[in-house]
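Dear colleague,

Please find below the structure that I am handing over to you.

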Amino acid sequence: MSDLVESFLQSHGPRLSSEVADYLVQALGISPVAARKRVSRLAGNVRRLGYVTFPRKARFMYLEQQFGSPVYWENLVAALMQTKSAYGNALAALRQRGGAVPERLFPIVCGAPVKQQRHLSPETIFTRLSEAGLLRRVTLPSLGDCIAIVQADGYYDQLAPMVRTRLITESFLLTAVSDWLKKLGIVSYGKVATREDNALPRVGTFAWDLTAPSYLGPMVKVTKGGTDKPGFVVCDVHLGDIVTVEGVRPFINKCRTLRSLRNIGPCLQIFVAGKFQGDAFQLLKKNGIIPATPANLFGEEVAAGLLELSTVLNKAAALATIDPTEFDALFRKLGKITGAADQLRGTLFEYLAADVVRKAGAHQVRLNRIYKNAGKEAEADVIAERHDLSISFIECKGHSPYGETPHSEVKRWLQHNVPTFFKVRNEHPDWQNMPVHFEFWTTAPLTEESISLLEKAKSEIKATRYTIGWRLGPEILALCEDTGDEGLITAFRKHFMKSNAKSAGPAAAIWPK
């Protein structure tokens, strides 16, 4: 009996116990009751998935060697989808995104309400899938804590740069969608919320990538008291692999459930992706959802710019550097989006700073590492190590040179990031005895309040513990000039300096004595 079932699972892949029982009925000519009893007694190489339940007490059955294989995941997700399971939506959402998302974004992508009676919450879904050995919490470089499908060791480290690139590119896409909604007057201008904010955007019981109230005629309801109650625009985005039918089902579940809630006004629901499978596109339309691409929303040039940004960032992640000549094309194609130029400066400045310190003698340079200590968390933009066993943590703020660096950024860096990194350094086995230096690089002027705070801190900190410093645009330009790289110098002048601005002369050493 066991051999017969193993042969069935080997040829057909993992299956629900109800399907295995149906096979035994046909193969052996026994009654359904007898078949179910025989299936329940199977042992040996046949395994049953725990913690995740199916209708009529069915279990998901597989051979030991099949666990974690592509056919295992495909059949498991199909079984969960077939039974309209919240677990299936969560797994499908993760598979659509390469297998992992930052923990903070899991409530958005999994398709489950954050809190609603008779519905599983994202936290419960993760807990049960984790107990079943299907999901796990992992800490990935530059991403921090993530929810991930269980994979072989080493898989996540290879995945991390691609996930970060996708998230950065999607951030630009959300900026573009926000700009489009505002310019067309579809939403209240100052009320657009995105996942980049401190709190996740919420409408009803669900979290979304973007939300905004809308006072357009068809969206407004009049309350009993005679006041206008707005509707909402809700939107999720994805710029990874082509979106499949399984990949859109979590979003469809959110949209359909939202419509069933009382006291929620009409909602315009949009899913923006780089490319859809035909069936996925039609399924969204069938459910009253707008399937959109960057090209049909903003035109081919912006779409090409987003694709080019993804390519540039992936290459930069692999080489830990960026070609300055690529700056112009990105600014030209994406600069039409309100706010995108500032985002580009912030993103590209980190790679430029890393290139500068590398050419100044650092033998190892890391970007965007998230560190935790005593319950506090901070992201280091650039970490540079020298052969003389010194280490520098550099905070990069690539602002417009015509603006001003917010004092809040300086204050948080000095009072939160620096102490956190220092404690991490003290406990790091390779860094404990290294001299450590912290620098704040910004391309916009500092306020008097910020300068006063930095000067005060610098005078009070004992140099035997660590040192701090800060550099503004002219000083950073001087560092670029010291590299002798004309492309780097030209890019910095063009995108981070005022017209006709000059460097500060010979640059102070990056590595303090």
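Predicted model: local features only at pLDDT ≥ 70, side-chain atom pairs only at ≥ 80, totals over all residues.

Residues are numbered from 1 along each chain as its sequence is written, and side-chain values use heavy atoms, with hydrogens and water left out.

The whole structure contains two cavities of 30 Å³ or more (a cavity is a set of points, on a 1 Å grid over the protein atoms alone, where a 1.4 Å probe fits but cannot get out; lining residues have an atom within 4 Å of a point; a volume is the space filled by probe spheres set on the points, which are joined across faces, edges and corners).

The largest cavity holds about 80 Å³ of space. Its lining includes R97, D209, D236, F251 and K254. Helix α9 (245-259) is one of the elements that supply at least two residues, and α9 contributes the most, with four (helices are DSSP runs of H or I, at least four residues, numbered from the N terminus). Six nonpolar, one polar and four charged residues make up this lining (Ala, Val, Leu, Ile, Met, Phe, Trp, Tyr, Cys and Pro count as nonpolar, Asp, Glu, Lys and Arg as charged, and the others, Gly among them, as polar).

The second largest cavity has about 50 Å³ of space. Among its lining residues are R97, R166, E170, R195 and D209. Helix α8 (residues 155-183) provides the largest share, three residues. This lining has five nonpolar, no polar and five charged residues.

With kind regards

How values were computed: 1 Å grid on protein atoms, 1.4 Å probe; cavity = no way out; pocket = protein on both sides within 12 Å on 5 of 7 lines; lining within 4 Å.
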